[in-house]
Every structure is written in structure tokens, then in C-alpha cells.
Protein chains: 2
Amino acid sequence: MSGTLYAVGLGPGDPELLTIKGQRLLRELPVIFLPAQEERDSLARKIVEPWTDAARLRELSFKMSKKPEENRARWREHAATIAQVVGGGQDAAFVTEGDPMLYSTFLHVYGQLLANHPEVHVEIVPGVSSVTAGAAAAHIALADERRRVAVVPATGEVMHAVATFDTVVILKVSAAVDAVLKALNVTGRMGDAIYVERAGWPNQRIVREVETIRKQKLDYFGQVIVTR
Amino acid sequence: MSGTLYAVGLGPGDPELLTIKGQRLLRELPVIFLPAQEERDSLARKIVEPWTDAARLRELSFKMSKKPEENRARWREHAATIAQVVGGGQDAAFVTEGDPMLYSTFLHVYGQLLANHPEVHVEIVPGVSSVTAGAAAAHIALADERRRVAVVPATGEVMHAVATFDTVVILKVSAAVDAVLKALNVTGRMGDAIYVERAGWPNQRIVREVETIRKQKLDYFGQVIVTR
């Protein structure tokens, strides 16, 4: 009898933006897999800790390598670890910042689970995404009526999105600041843009003169919202 | 001394997907404005009721008219009602399905508040969006790495989005089924599409043969997710 792996979205950072369902699962489940990045503070840990105890937490390293095959090997290993626990009949959570289906750490492991351990039963528990949390912090209506929204990582095709969509949310801006600013300049949309980082955290920061971020130290989760 | 109006996102329908912050505010705030649509059951009411009492609920009608000026007049009236309560020093919530900044009822009132009652202090409390709840229900990874996501209402420019984005979430499909199916056919992406409605509700429905929805009765909140 296999257990269930719950992929739990923890929300964008404010611990109060965890869902009631996420809170319940963290209280109840016997094993909680916690992805750990070495480059930055564990936001996930801060959100999880009030509802669980150290004995149920199992940290999995997601330190990124420049070699894709090393990353894949690590994710495959984590998937095997999870399959062993859940396949043995225990329920478990895999927690992830934001929402599990949108640019999350979980997706790396999920791909390996589907490929190598398809018998593991997975339930996805959505969370509040940084996309709308950033908009909330900056009081920006992303879309109403017929308007469309594009969500793009800074390392993706930003220019095309900014040129063709009224509203664009550009994520992880620190990874490609120059490309983002160039896209805003070329399309004439610098004036439509606002920079938001750590939305809803005590040290939240909103920059309306987006040009100025070029010379600033930026948080890993910083985003630019472009809107008319 | 003005109070604060909290725009509270209630999430996509499952009452457990309300955030802890939303739950706290519903328990604490003396006035809770509840938008009411006559065409469909009040999902919002079901999510709100466990945490509040009838005496604190104030229903506002959002019955839509075909005349835009009648709708605007109603929204202006609601904004005045809210401004009176909050301007008088009371805190209040305005609850809304999904997230307040993305295709929500709140945005209608927010526009009128900004235009006519800029003194009202507003705080936005984000919620889980149906965009990621639908993806969770259907086990669809919306985007990882450099992939981009477009979110489009069915009555918007669907064809362009489907032609240029790997991942597209088309909302409120029932409003324009023929246009959505045509866009999927013309772009050759019918096979990439899945239809999801009432994600995470007891009567959730997922349709993998999307062509067949043309002749089905569809829920107001149905969505099509297109992905590679």
C-alpha cells in the first residue's frame, strides 16, 4: 500500500499566506521533505517550523551545479528517497515556496518521480504565487475584463512578452537585470514598470524608478511588473 | 481616522485553500463585504461562513448589466458604501474568489475607490489563484526554467497567445467556447489542451478530449490549460 506525497505550496514568504490545508498537512504528516538551497536563507524552513517539529523534517539539498547532468542525478536521488518513504506506506509532504506548478523546486523532483517511480501517488496542494503577491504589495491590478497576463522568467524571452502583452510579470530579475532593462527600453515601456522584492515580508522593497536597479544589490526573488 | 479595507482573496473554491491571514481577518474584522452574483451559487459565502457570523456580513450586488454605465454606477455606489464604513474608522474586508489582483470582482470597486475615495486605506491580501489550482488538479507543470506562461480570458486575444506561448491558461471558457476551440484547431494545439472545471471542489471535472466540451454544459469557472 503506497502512501501519498503532498506537494505543498508554502506561498510567497509571509508565513500567514500559507493555506489552511498546508498548515493542517504540516501538522499531521509524519515526514516533511524540505528543499535546501545553500545560496540563500531558507524561507521554506521559517514557514514550516511553527507547525512541525525537527524530528519530522528531512532536508534535501538542491544546491545547483553548472553541470545539468549533476543536477539531474541529484533530483533522481531525491525522487528515489521519496519513493522509498511513500512506497513504504507513509504519507509525506514536499514543501516548496510559492506554488508547486509554477517555477518550483518540486517540479525537478516531480519529473524524476513520473519517469522512475510512477507508482508514487502525488497530490498537489496549490499555494499563493509570488506573481499575485508582488501585485498585491505594489497595488497593481494585473488584469480585469479581457486583458491578458504574461509571466516570464528574466532568463526567458522577455522582449517578445513585453512587446505583445499589456501586463507582464518578470520573475527572478536578478538573474538577468541587463536583459530586462534592455527589453523595457527597446519597447518603450520603462515607465510602465515597477520593481518589487520580498513582497509581504518585513523588508519588502518597491522601486518605481526601475532604471536604478541596474546598480543595486537585488534579492533572488525580485520581480518587475509591467502594466498599462 | 480612517480604517483599513482589506481586499481578501478567498482562493479557488476549496475552503481549505483560504490563507491563514484570510481566516484571521474574517474572524476579527467587524464588517465583511461579500459580493453577490445572482447567476451562480455564492462560492465566496461558503468559504466565509465558517469564520464569521451573519451580523457582520454585508452583501453587495454585482449583478451584471449589458449597459456598461449601469455597471459603473453600481460599482461607484458600492465604493461610496465602503468609503463611508472605512472612512468612519472601522476596518472592513472585501472578499473575492481567487486573488484580488487577477480578474476579480474587487477590481471593479477598487477603480472607483481610487477615483472617488482616494483617502480610503487599502491592503491587498493575495489568495491562491484558479490558474495554479487548475494546474494542480490536472497535474500539469505550468512552467519551469525558462518557460513562459500566458493567462488569457476566453473573450480576449486567445489565438495569439496560443500561437506564441508554450503554456497558456484560458479562463472562463464558457463565455467563448467556440473561439477557444477554433484557436486550438487553427494553431494545431488541440492535443496539448486539457479542460478543468471546479478544481479542488468535490464535483471537479477534467476533460482530456477537449473537442467534446463544445456540446457540454460548462461551469462558469471552467478553464483550458495548454502546455507542451
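User: Is A:His139 buried, exposed or partly exposed?

Analyst: Start with the rule. A residue is buried if 20 or more other C-beta atoms lie within 10 Å of its own, exposed if 12 or fewer, and partly exposed in between, with C-beta atoms placed from the backbone. A:His139 has 15 C-beta neighbours inside 10 Å, so it counts as partly exposed. This is a predicted model: local features need pLDDT of at least 70, side-chain atom pairs count only at pLDDT 80 or more, and totals for chains, interfaces and linings use all residues. Residues are numbered from 1 along each chain as its sequence is written, while chains are lettered from A and ligands numbered from 1 in the order in which they are written.

User: Where does A:His139 lie?

Analyst: Helices (H or I, at least four residues) and strands (E, at least two) are DSSP runs, numbered from the N terminus. A:His139 is in the loop between helix H5 (130–137) and strand E6 (149–153) of chain A. Its phi is positive, about 55°, although A:His139 is not a glycine.

User: What is the phi of B:Glu145, and where is that residue?

Analyst: Phi of B:Glu145 is positive, near 50°, and the residue is not glycine. B:Glu145 sits in the loop between helix H5 (130–137) and strand E6 (149–153) of chain B. It is exposed, because 10 other C-beta atoms are within 10 Å.

User: Which domains make up chain A?

Analyst: Domain bounds come from an automatic or database domain assignment. Chain A has domain 1 (4–125) and domain 2 (130–226). Taken over C-alpha atoms, the centres of these two domains of chain A are 27 Å apart.
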